[in-house]
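Here is a short report on one protein model. It covers a helix pair, a pocket, an aromatic pair and some backbone details.

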Amino acid sequence: MRRGLESSVLILVTMGLVAFGLVMVYSATSASAALANGDPAYYLKRQAIYAVLGLMLMVVCSRIEFRALRALAPVLMVSSAALLLAVLVIGRAANGASRWISFGPLVFQPSELAKLALAVWAAGYLARRKPPRSLAELWRPIGLVTLVFCGLILVEPDLGTAIAIVVMLAAMLLVAGTPGRTLGAGLGIVATLGLFAVWLEPYRRARLFSFLNPWQDAQGAGFQTVQAMIGLGSGGIFGVGLGQSVQKTNYLPEAHTDMIFAIIGEELGLVGATAVIAAYCAFAYLGLKIALQCKDPFGKRLAAGLTALVCGQAAINLAAVMGLAPLTGIPLPFVSYGGSSLVVLLAGMGVLLNIAVNGKVVESSVRDRSGRDSGARAARSRSRRRASRARSDGDVRRVARPRRVAARS
């Protein structure tokens, strides 16, 4: 099947974001890496390795029929749950959190795989069942499964990933036809539980209060938010120039991960920041268009979930950097430094591209009249020779003769 315009533009947008991310990772880390490791391209090399691996997975996933993922949903769910439990025991700790498992030189974050696994499972469930219309139906099993996975992720702790999962599932439920009142009530309950989780952790509580007035504690809890806003404001319209940021070397923590958009605004100015936002808006438009054009129920819900996963994370990250939302630790998709996020998102992109190509085709089927199989079987002719043989001229004349007789009368 030929690739449509949406798929081609979506590939260009994704590749552009990945390439731009490599440039900005190098710009944000070259000085600090040279001082720490003696190699200015240390982080760039690692990110490039993950980018190549992710692009290979994107190509493979784009060539695999997306409907085959329904059979893999149980394996993905069990594997993700096992890895989320394993990371609590053998995970590598960094900045007070245990979110990563090391495999030699490579580091993997199981919560990233959990996002993709939940998207595939939820799409399969919503494709074969009616959409939940009450809180009781929403709770079983989608709410329960979400609570288990998000609970394991919050223990790491990783509030940002839990929020991303909720946003993704909410988009899939909306596309599936869940009433707005039911979905709103469910999100209200989730928000209440989220506030409770924030209140239990002192550092999360400090982040929430610092978001309300970061300048009140500009040298403490509000330091990162204040420095991000200073970086954005320092860029002006055209920026101070690529690689010329001051915030990345002396002031802004996590400049190459969560706060990379502040470096973009400082070095490339309003023009560069607007271009990045426009790229994510284009991604959202193209992804939702693919979801709406897909005729397969499973593909439609999965495409909506994958699009919401990318654009939801982007919106949360951008809002946090600009001081419009509390800091949650969500990276900027395709741009921020982080191998697990990049690889999983690019694999998801491959699935989305396959949906764009194969989702417009619906396999014809007829029900088995023998009653032995309640499912559907593929429609086929009784005789291949008879189906392939064209009608003879005599057959055409026999069909046409009664019409001529009727016309004369």
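The report below starts with helix packing and ends with the backbone.

**Helix packing**

This is a predicted model. Two packed helices are described by the angle between their axes and the distance between the axes. Take helix H3 (residues 69–90) and helix H4 (residues 110–128): their axes come within 8 Å and cross at roughly 145°. The crossing is left-handed. On the H3 side, the contact residues include Leu-69, Ala-73, Leu-76, Met-77, Leu-83 and Val-87. H4 contributes, among others, Leu-113, Ala-117, Leu-118, Trp-121 and Gly-124. Arg-70 of H3 and Arg-128 of H4 also take part. By class, the residues of this contact divide into 15 nonpolar, three polar and two charged.

**The second largest pocket**

Rolling a probe the size of a water molecule over the atoms shows where empty space is left. The second largest pocket has a volume of about 360 Å³. It is lined by 20 residues. Closest to its centre are Leu-57, Cys-61, Leu-113, Leu-116 and Ala-347. Helix H2 (42–63), H3, H4 and helix H13 (339–358) each give two or more residues to the lining. H13 provides the largest share, six residues. The lining divides into 17 nonpolar residues, two polar and one charged. Leu-113 of H4 belongs to the H3 contact, and Leu-113 is also among the residues closest to the pocket centre.

**An aromatic pair**

The model has five aromatic pairs. One of them joins Phe-66 and Phe-298. Their ring centres are 6.3 Å apart, with 10° between the planes, and the pair is stacked. Phe-66 lies in the loop between H2 and H3 and Phe-298 in helix H12 (residues 297–321), so the pair ties together parts that are 232 residues apart in sequence.

**Backbone exceptions**

Most residues other than glycine have a negative phi, and most peptide bonds are trans.

Which phi value does Glu-254 have? Phi of Glu-254 is near 55°, a positive value in a residue other than glycine. Glu-254 sits in the loop between helix H10 (247–250) and helix H11 (260–293).

Terms used:
Residues are numbered from 1 along each chain as its sequence is written. This is a predicted model: local features need pLDDT of at least 70, side-chain atom pairs count only at pLDDT 80 or more; totals for chains, interfaces and linings use all residues. Side-chain values use heavy atoms; hydrogens and water are left out. Axes are lines fitted to C-alpha atoms, for helices over the stretch in contact, and angles run from 0 to 180 degrees between N-to-C directions. Helices (H or I, at least four residues) and strands (E, at least two) are DSSP runs, numbered from the N terminus. A crossing is left-handed if the near helix is turned anticlockwise from the far one by less than a right angle, and right-handed if clockwise. Contact means heavy atoms within 4.5 Å. Ala, Val, Leu, Ile, Met, Phe, Trp, Tyr, Cys and Pro count as nonpolar, Asp, Glu, Lys and Arg as charged, and the others, Gly among them, as polar. On a 1 Å grid over the protein atoms alone, a cavity is a set of points where a 1.4 Å probe fits but cannot get out, and a pocket is an open set with protein on both sides within 12 Å along at least five of seven lines; lining residues have an atom within 4 Å of a point. Grid points are joined across faces, edges and corners, and a volume is the space filled by probe spheres set on the points. Rings of Phe, Tyr and Trp (its six-membered ring) pair if their centres lie within 6.5 Å; planes under 30 degrees apart count as stacked, over 60 as edge-to-face and the rest as tilted.
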